[in-house]
Amino acid sequence: MERETMTPLASSYRAALATAATDALRRRRRPQQLPGRTVVVQGHQIPADLVARYAALFHRSGEPLDPQDVPSVLVHVAAFPAAMELMSDPEFPLPLLGMVHLENRVVHHAAVPSGTPLTVAASATALAPHPSGTTVDLVVTVHGPTGSAREDGDSPQLLWEGTSTYLAAGVRLQGQERPPRPGHPEFVAPALTARWSLPGSTGRDYASVSGDYNPIHLNPVTAKALGQKGMIAHGMYLAGRMLAGREPAGGGFSWGIEFATPVLLPGTVSLNFDHPAPGRTKVTAWNGRRQRPHFTGSITVDTVDGSEA
């Protein structure tokens, strides 16, 4: 399915609400397989003013960002509505509302420019049983225009590709067997090298940039009504904060983040930034008071020959 405009996030949330209401009223059983389609948006542009607003949120030094080299998490933000369109489809086997964000894996191949037509494609794959429900991967790619193609062909250049893993807690598909719950070693906090103090407005501030107005991030009352202990930080806000000032210019790196427990807002996050090898950063974030992990992350810079450092 190809188009030239991105479906707004608000429209996808409304569609998900309507589907949830219809399913409850008619007791409809959702499909048991993923929709066999890819959402493709041609000519999508990342506005320069969005880059400026992202910079104001994450780069408080006041230095502007290069609009021809958009931060990696902002690329995710710009492309995310295509994935949301898939997840809000009535034929999607898992309910969008209440979906838990588990992990992101991104390869940022080359600089992604703002104000330039891009091709965004989103597909769903890897529907799998999980000890707590069912998981799915949403795979998104961003290609540059034909004019940015390499000299050896006409195909647009792959600039960015990301895989986001989500969990539909308590949802099991027909014929699935619940896998055993893996054991987790006791968490031992590493040395403290940084600390983030996140105000209660963090979710609203990120939503004003990303357009992701999921109520679990915006208000403690609605967050509790949706099963959270309180208002929590967006996972991609935490990823953006992790990468801010650390991602190399021009692409050529990969990063990942795996979430453990939510960050309640307002709150304080304890962190360790470790550098186990040249070109590699390992990140551990935890609740310093309760000694519970929030997330682990990594940033890996490619070497000259294209392999990982």
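# Notebook: rings, helices and loops

I began with a charge over a ring: Arg246 lies over the face of Phe273, at 3.8 Å from the ring centre. I counted a charge as sitting over a ring if NZ of Lys or CZ of Arg is within 6 Å of the ring centre and within 35 degrees of the ring normal.

I noted that this is a predicted model, where local features need pLDDT of at least 70 and side-chain atom pairs count only at pLDDT 80 or more, while totals for chains, interfaces and linings use all residues. Residues are numbered from 1 along each chain as its sequence is written, and side-chain values use heavy atoms, with hydrogens and water left out.

**Entry 1: aromatic rings**

I looked up the ring pairs next. A pair of aromatic rings is described by the distance of the centres and the angle of the planes. Rings of Phe, Tyr and Trp (its six-membered ring) pair if their centres lie within 6.5 Å. Planes under 30 degrees apart count as stacked, over 60 as edge-to-face and the rest as tilted. By this rule I have six aromatic pairs. In one of them, the centres of Tyr54 and Phe58 are 4.5 Å apart and the planes stand at 35°, so I wrote the pair down as tilted.

Where do Tyr54 and Phe58 lie? Both are in helix α2 (residues 48-58), four residues apart, which is about one turn of the helix. I took helices (H or I, at least four residues) and strands (E, at least two) as DSSP runs, numbered from the N terminus. Tyr54 is buried, and Phe58 is buried too. For this I used relative accessible area: buried is under 20%, exposed is over 50%, and partly exposed is in between (1.4 Å probe, protein chains only). Ring pairs also link Tyr54, Phe58, Tyr206 and Tyr237 into a cluster.

I checked another residue of helix α2, Ala52. Ala52 is partly exposed, at 47% relative accessible area.

How many residues of α6 are buried? I found eight of its nine, so the helix is mostly covered. Just after α6, Gly245 takes a positive phi of about 80°.

Two packed helices are described by the angle between their axes and the distance between the axes. Helix α3 (residues 72-87) packs with helix α6 (residues 235-243) at an angle of about 155°, and the axes are 8 Å apart. That makes α3 roughly antiparallel to α6. The axes are lines fitted to C-alpha atoms, for helices over the stretch in contact, and angles run from 0 to 180 degrees between N-to-C directions. Angles under 35 degrees count as roughly parallel, over 145 as roughly antiparallel, 65 to 115 as roughly perpendicular and the rest as oblique.

Which residues meet? I listed Ser72, Val73 and His76 from α3, and Met236, Ala239, Gly240 and Leu243 from α6. Contact here means heavy atoms within 4.5 Å. By class, this contact has four nonpolar, three polar and no charged residues. Ala, Val, Leu, Ile, Met, Phe, Trp, Tyr, Cys and Pro count as nonpolar, Asp, Glu, Lys and Arg as charged, and the others, Gly among them, as polar.

I then looked at the loop between α5 (220-225) and α6, where I found Gln228. Gln228 is partly exposed, at 25%. Not counting residues up to four places away in sequence, Gln228 touches Ile216, Ala223 and Pro262. Between Gln228 and Pro262 the C-alpha separation is 8.8 Å.

**Entry 2: backbone checks**

I found a cis peptide bond between Leu265 and Pro266, with omega of about -10°. Pro266 is in the loop between β8 (253-259) and β9 (267-277).

Ala126 has a positive phi of about 60°, although it is not a glycine. Ala126 lies in strand β4 (residues 118-130). Gln291, also not a glycine, has a positive phi of about 55°. I placed Gln291 in the loop between β10 (280-287) and β11 (292-301). Ala126 is partly exposed at 40%, and Gln291 is partly exposed at 40%.
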